[in-house]
Amino acid sequence: RTTPCNPLLQRISVRIAGAPTPATSFLQRVCIAPHNRSEIHGLKNMSEEQILRSEDDDDEMTSVWEGFQRNVQAVRRKYANSEEAKQAIDELMIFAKPLERHIHTLEGKNTVDPVKEVMADSASAKLAFVKEQELHIKGCLDYSKYDMDKIIKCQRTVRGWIGKRRLQNMAIRALSDPSTKKLRKRNDVWREIVSTEDTYVRSLQLLNEKLIVPIRALVGTPGEILSAGDIKAVFSNIQQLITIHTELLGKLHESVKQWPSCNNIGSIFLEFAPFLRLYQEYVNNFGTAYAARQKNKDNAAFIKFLDEKMADAAFKKMQLSSFLIMPIQRIPRYQMLLRELIKYTTPEHTDYKSLTGAVAQIEEIADILDKRKKEVENIESVFTVFNSISGALPLRIADPRSYIREGPILKAGHKKKRYFFLFDDVLLVCFVNSAGNKVFEEEFWIKEIEAEGLSDPGLLQIAKGRVKTKWTAATPNERDSWVRDLHNMKKVLAKKLEGPSRGSFRAASMADLMGSPKRR
């Protein structure tokens with residue numbers, strides 16, 4: 001019913017000397033007693049598992065040796081009046097010498113060959129073990145000389161350990177339960193909401209403190225960098241957004257302190273949802289902000305100021321445009337995270353109703369902003385195209401116009417490379433000079449032309465009245481896509497011109513965003 005020797009000493013002796021060292025300990029003697037053998041074996045086996053885990057790690061072995069010494073001293077104090085215990089401890093200390101020598105060897109305290117010393121101790125250890133086993137086989141051991149109160153106390157310790165293990169197993173089963181996994185994912189989403197909000201607010205505050213406030217302070221002074229109108233155009237209502245989100249972040253942090261007893265995420269966003277409509281003003285102004293930045297791209301004072309401020313390590317090498325786009329991206333981020341939160345929230349949850357209400361309001365705002373965002377993105381594309389073309393254009397940048405596509409092309413019978421820019425109402429043709437710049441050459445108004453693909457590979461023809469010009473695309477597929485897009489734009493334009501409002505066929509024109517007069 002008992003192992004013939006302490007597994008720690010046996011394995012260490014095998015490791016050091018190549019031969020087992022049998023040992024008896026006070027714990028093994030207790031294990032012989034008929035009282036709750038299984039529980040005491042459980043305690044001993046637990047120690048053996050710890051020993052096995054540390055066997056190949058010298059640092060861990062040192063820790064086991066120090067723990068062994070402490071345990072021996074504790075046994076000495078508790079069983080000071082038991083001769084049998086003293087004898088068992090003395091024997092155990094003899095058999096533990098290989099471990100001690102191994103530790104000392106690791107520490108450089110002992111350079112004696114441990115193999116010879118272990119072999120010298122091996123004979124006496126085997127003799128003691130044989131005598132012990134003979135007594136055990138004959139049934140001559142007197143169990144009455146052991147202190148039963150101390151054995152019962154040992155058993156109580158084991159039962160406590162078993163209880164802890166049961167509690168651990170219960171915790172593991174609870175954590176692996178599907179409902180617990182759902183709650184853990186919900187907590188992860190909640191933490192992401194708080195962390196991203198914190199990053200967002202710090203970024204806007206940095207922009208305000210380092211750029212907006214210093215630029216405003218210079219208005220009306222000899223060192224003025226931007227006019228008050230340009231400052232309003234570039235930065236819009238960012239300071240209002242900072243005020244709202246600072247307060248929102250405070251509420252979120254307050255909720256974190258009470259988490260998980262306080263589950264009021266939905267109610268927080270439901271409270272702040274009406275204020276998020278201020279984003280409509282920011283998005284509506286975004287085209288104006290882009291135009292104002294383009295207007296000041298040659299403003300040496302403004303460029304120098306930006307370069308000096310953006311060199312600050314706090315900006316992490318980000319550009320002004322990266323900060324200005326953050327508010328555009330924030331509402332869709334709320335929409336995504338709150339939807340994810342609802343996914344891991346049960347309908348019975350106290351915050352479920354508030355969450356669904358908050359998501360409904362934010363989605364309504366997001367839909368409005370999304371339409372406006374597409375218009376803003378189109379305006380940016382138009383600005384980019386116009387700025388990339390050299391030469392005098394017969395168009396006004398403020399006219400309502402949608403950018404469709406662009407690409408290289410060749411004019412039949414000419415060696416110079418050409419480049420097409422297609423809008424919803426006009427096709428611009430540029431030639432590429434030796435420096436690689438695109439220079440305006442001519443325009444084709446969509447309503448006045450007909451496009452068709454010819455039999456030759458990659459060849460297409462654009463007819464404007466009786467004048468026909470031939471163009472060569474890189475591939476037949478590329479030729480077909482240009483013909484298809486030109487046909488589609490002609491159909492769309494015809495439908496718009498047939499509508500009740502001929503001159504304003506877009507929901508918002510570039511003139512609306514820039515404050516310029518519409519085309520007559």
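At a relative accessibility of 66%, K316 counts as exposed, where exposed denotes over 50% relative accessible area, buried under 20% and partly exposed the range in between (1.4 Å probe, protein chains only). The model is predicted, so that local features require pLDDT of at least 70 and side-chain atom pairs count only at pLDDT 80 or more, whereas totals for chains, interfaces and linings use all residues. Residues are numbered from 1 along each chain as its sequence is written, and side-chain values use heavy atoms, with hydrogens and water left out.

K316 is placed in the loop between α15 (300–310) and α16 (320–324); helices (H or I, at least four residues) and strands (E, at least two) are DSSP runs numbered from the N terminus. The phi of K316 is near 55 degrees, a positive value in a residue other than glycine. K317, in the loop between α15 and α16, likewise has a positive phi, of about 60 degrees, although it is not a glycine. With a relative accessibility of 79%, K317 also counts as exposed.

The chain contains 20 helices and eight strands. Of its 520 residues, 41% count as buried. Among contacts between residues at least 6 apart in sequence, 65% join residues at least 24 apart, a contact being heavy atoms within 4.5 Å.

The largest nonpolar core comprises 58 residues, and those with the most contacts inside it are I193, L207, F235, F269, L320, L324 and I331. A nonpolar core is here a set of buried Ala, Val, Leu, Ile, Met, Phe, Trp, Tyr and Cys residues joined through side-chain atoms within 4.5 Å. Helix α9 (residues 178–217) gives the most to this core, contributing 11 residues. When neighbours within four places in sequence are set aside, L320 is in contact with L207, L211, F235, R293, F302, L306 and M310. A second, separate core of 18 residues includes I449, A451, W482 and M489. In soluble globular proteins, nonpolar side chains tend to be buried together.

R293, one of the contacts of L320, lies in helix α14 (residues 286–295). R293 is buried, with a relative accessible area of 18%. Residues up to four places away in sequence not being counted, R293 touches V234, F286, L320, S321 and L324. E281, by contrast, is found in helix α13 (residues 278–284) and, at 34% relative accessibility, counts as partly exposed. Apart from neighbours within four places in sequence, the contacts of E281 are K232, S236, N237 and Q240.

The eight strands form an open sheet of mixed pairing, in the order β1-β5-β4-β3-β2-β8-β7-β6; two strands pair if DSSP finds at least two bridges between them. β1 (389–390) and β6 (449–453) stand at the edges with a single partner strand each, so one side of each is left without a neighbour in the sheet. Helix α19 (residues 476–498) packs on the sheet and touches β2 (403–411), β3, β4, β6 and β7 (459–464). The direction of α19 makes about 150 degrees with that of β6, with axes fitted as lines to C-alpha atoms, for helices over the stretch in contact, and angles running from 0 to 180 degrees between N-to-C directions.

Strands β3 (residues 417–423) and β4 (residues 426–432) run antiparallel and are joined by five bridges, with F421 opposite L428 in β4. β6 and β7 also pair in the antiparallel sense, over five bridges, and K464 in β7 is the bridge partner of I449. These two strands form a hairpin with five residues between them, and G458 in the turn has a positive phi of about 80 degrees.

Nine aromatic pairs are found in the whole structure. Rings of Phe, Tyr and Trp (its six-membered ring) pair if their centres lie within 6.5 Å; planes under 30 degrees apart count as stacked, over 60 as edge-to-face and the rest as tilted. F315 and F323 form an edge-to-face pair, 5.4 Å centre to centre with 80 degrees between the planes, and both residues are buried. F420 and W482 form another edge-to-face pair, at 5.3 Å and 90 degrees. F420 lies in strand β3 and W482 in helix α19, so the pair ties together parts 62 residues apart in sequence. Both F420 and W482 are buried. The charged end of R405 sits over the ring of W482, 3.8 Å from its centre, the criterion being NZ of Lys or CZ of Arg within 6 Å of the ring centre and within 35 degrees of the ring normal.
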